[in-house]
Amino acid sequence: MDAAARDEGQEPIGRGPVAVSATLKGSTRIAEARAMAHGFLTTVRTDHGIPVSARAMDVAQLVVSELVTNARKYAPGPCLLRLELREDAVQISVWDRSNVRPSVLAANPERVGQHGLEIVMAVSQSFRVREERGGKQITVTLALTDDLEGDAADRGFV
């Protein structure tokens, strides 16, 4: 990630929202997007005392990797990654310049590849695609702690 792009959208942590965003373009590597997620959640945990489980840390990096990979692969130009603390969850949003909604294929254990969105939806509290002028935004919400007892049918997927 370019030094200028990293942390370009940081917001104050005090009373306002805890969030960070970056434009990913050019030679930005997916690993740098994952590192941004890791750094953000580490800050949430260490600087603000908000619990973030190891599982949540790993899942957030996986989701960021999948969403940014898809945006870079299927949409022209840069994409925007935003992470925001929402009470006991992290909201991950990726905006890109494509108006094509992602297609989630039916589960098929024999298919090689193309399981990314299937996995993202399985680990998320919510998954939303919103068409916007000049592109779309995919927003995923992940719990910061390990409440694995919730029923998948209770999660909001739009």
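Which residue forms a salt bridge with aspartate 96? In this predicted model, where local features need pLDDT of at least 70, side-chain atom pairs count only at pLDDT 80 or more, and totals for chains, interfaces and linings use all residues, the partner turns out to be lysine 136, with the closest N and O atoms 2.9 Å apart. Residues are numbered from 1 along each chain as its sequence is written, and side-chain values use heavy atoms, leaving out hydrogens and water.

A salt bridge here is a side-chain nitrogen of Lys or Arg within 4 Å of a carboxyl oxygen of Asp or Glu. The pair ties together distant parts of the chain, 40 residues apart: lysine 136 sits in strand β5 (residues 135-143) and aspartate 96 in strand β3 (residues 89-96). Strands are DSSP runs of E, at least two residues long, and helices are runs of H or I, at least four, both numbered from the N terminus. Lysine 136 counts as buried because its relative accessibility is 6%, and aspartate 96 is buried too, at 5%. Buried means under 20% relative accessible area, exposed over 50%, and partly exposed in between (1.4 Å probe, protein chains only).

By this rule the count comes to 6 salt bridges. Arginine 29 and glutamate 32 meet in one of them, at 3.6 Å from N to O. Here arginine 29 is exposed at 53%, while glutamate 32 is partly exposed at 22%. Arg82, Glu84 and Arg86, meanwhile, are joined in a salt-bridge network.

As for the overall layout, the protein has 3 helices and 6 strands, running β-α-α-β-β-α-β-β-β along the sequence. Of its 158 residues, 39% count as buried.
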